[in-house]
Amino acid sequence: MEIKITKTTTPQTMPPEEKLGFGKVFTDHMLLVDWSKEKGWYDARIVPFGRISLHPASTVLHYGAEIFEGLKAYRREDGGVQLFRPMENIKRMNRSAERMSLPEMDENDMLQLLTTFVKLEEKWVPKSFGTSLYLRPFLFGNDEALGVHAVHNATFMLIASPSGSYYAEGINPVGIMIENEDVRTVRGGTGYAKCGGNYAASTRAGERAAKKGYSQVLWLDGVERKYIEEVGAMNVMFKINGEIVTPMLTGSILPGITRKSCIEVLKDLGYTVTERLLSVDELLSALKSGALEEAWGCGTAAVVSPIGKLAFGEEEYVIGGGKIGEVTQKLYDVLTGIQWGKQSDPYGWVYKL
Ligand SMILES: *Cc1c(COP(=O)(O)O)cnc(C)c1O
């Protein structure tokens with residue numbers, strides 16, 4: 001794919017790494033590619049970062065045709081920059097696109113867009129362990145008419161945001177509330193797609209949990225409200241009687257790349273990992289009997305996030321004495337070691353630029 005590059009005439013400098021936070025600072029440029037049913041993908045371009053202009057009837061504004069991805073560029077100790085399993089994000093973006101009737105893109109073209117952009121913005125990849133350049137590819141329907149149908153015009157974009165360490169204050173276990181009113185998605189719906197609409201539908205529960213002092217909700221399945229699905233916008237894993245259990249991918253769960261990587265690492269460490277249905281009743285009785293040893297969320301932003309407290313109705317339970325567990329810590333060490341290039345990568349997961 002040919003990419004036209006127009007460089008900014010007013011390059012910015014990155015704020016101090018400890019002041020970055022998440023998703024607030026953006027790099028000097030952004031990438032756009034347009035698509036139409038007639039022409040396919042065309043006009044790939046990198047331009048100075050700035051506002052975009054949309055027709056007021058643009059599909060995305062009315063019917064929510066939007067998907068995205070999230071991955072990071074990591075600075076190794078030797079100064080080089082690397083991505084983590086980028087092909088997994090690319091494949092997932094295409095699966096999300098297919099679900100939302102948005103156009104798919106050739107995998108190698110998308111990889112080329114990512115790598116060209118990150119190379120251009122290299123100076124924005126922060127250096128300290130735990131910090132990264134967060135990459136946000138997204139794609140939206142952009143027809144300039146109100147009729148409802150599969151889109152005929154769409155725009156792919158890529159923006160990037162240098163981000164601070166998720167655990168600047170240390171890894172502290174979080175409190176989670178089991179959500180039994182709102183559901184995130186249903187089977188047959190869009191749960192497995194990374195689409196903005198899933199987030200729009202789940203913020204209300206998150207806000208309610210925050211008001212009660214919990215940092216996330218534990219989602220139950222939308223059909224029976226019985227089986228555990230995810231925690232906030234992360235996948236979830238439990239250590240019960242020495243075994244690792246994680247909800248199976250039923251179609252309403254987002255197939256996380258961190259989840260997949262955790263499963264592979266855990267199996268290599270000798271753990272039995274079972275992907276199956278796990279009911280709230282089973283989880284609560286494991287909590288009460290002491291069989292539940294650890295619980296954690298996993299996703300690109302946090303890598304792993306230990307769960308120290310779980311609330312269901314008026315009851316609140318403490319997990320693992322409210323401290324990070326051994327397996328959670330081990331997963332964090334192995335995955336971050338590979339991502340930031342502090343340890344060798346026996347899996348071939350890193351993609352050096
Ligand atoms: C992105 C996401 C995850 C985590 O996926 P990763 O590929 O590990 O970052 C989990 N659940 C939801 C709902 C998500 O949107």
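What share of the 353 residues in the protein is buried? I looked this up first: buried residues make up 52% of them. I count a residue as buried under 20% relative accessible area, as exposed over 50%, and as partly exposed in between, with a 1.4 Å probe and protein chains only.

**Ground rules.** I am working with a predicted model, where local features need pLDDT of at least 70 and side-chain atom pairs count only at pLDDT 80 or more, while totals for chains, interfaces and linings use all residues. I number residues from 1 along each chain as its sequence is written, and side-chain values use heavy atoms, with hydrogens and water left out.

**Overall build.** I find 7 helices and 18 strands in the protein. These are DSSP runs numbered from the N terminus, helices being H or I with at least four residues and strands E with at least two. The radius of gyration is 21 Å, close to the 20 Å of the globule rule for 353 residues, so the protein is as compact as a globular protein of that length. That radius is taken over C-alpha atoms, and the rule is 2.2 Å times the number of residues to the power 0.38. Along the principal axes, the C-alpha atoms fill a box of roughly 60 × 50 × 35 Å.

I also checked contacts, meaning heavy atoms within 4.5 Å. Of the contacts with a separation of 6 or more, 70% are between residues 24 or more positions apart.

**Strand β5.** I went to residues 71–75 next and found 5 of 5 residues buried. L71, A73 and R75 point one way, K72 and Y74 the other way, and all are buried. Which strands pair with β5? One is β7 (residues 132–141), antiparallel over 3 bridges, and there L135 is the bridge partner of L71. Another is β6 (residues 81–84), also antiparallel and joined by 3 bridges, with R75 opposite V81. I take strands as paired if DSSP finds at least two bridges between them. The hairpin of β5 and β6 has 5 residues between the strands, and G79 takes a positive phi near 95 degrees in it.

**Strand β16.** V303 has a positive phi of about 70 degrees although it is not a glycine, and it counts as buried at 4% relative accessibility. V304 is in this strand too, which covers residues 303–312. Is V304 buried or exposed? V304 is buried, at 0% relative accessibility. Leaving out residues up to four places away in sequence, I see V304 touching Y167, C262, W296, G297, C298, T328, L331 and Y332. From V304 to T336 I noted 32 residues in sequence and 9.8 Å in space, C-alpha to C-alpha.

**A loop residue.** R225 sits in the loop between β10 (216–220) and β11 (228–231). Its phi is near 50 degrees, a positive value in a residue other than glycine. R225 is partly exposed, with a relative accessible area of 42%.

**Helix α4.** My last stop was N198, found in α4 (residues 196–211). N198 is buried, with a relative accessible area of 4%. What does N198 touch, not counting residues up to four places away in sequence? I found R184, T185, T190, G191 and A193. D34 is 164 residues from N198 in sequence and 24 Å from it in space, C-alpha to C-alpha.
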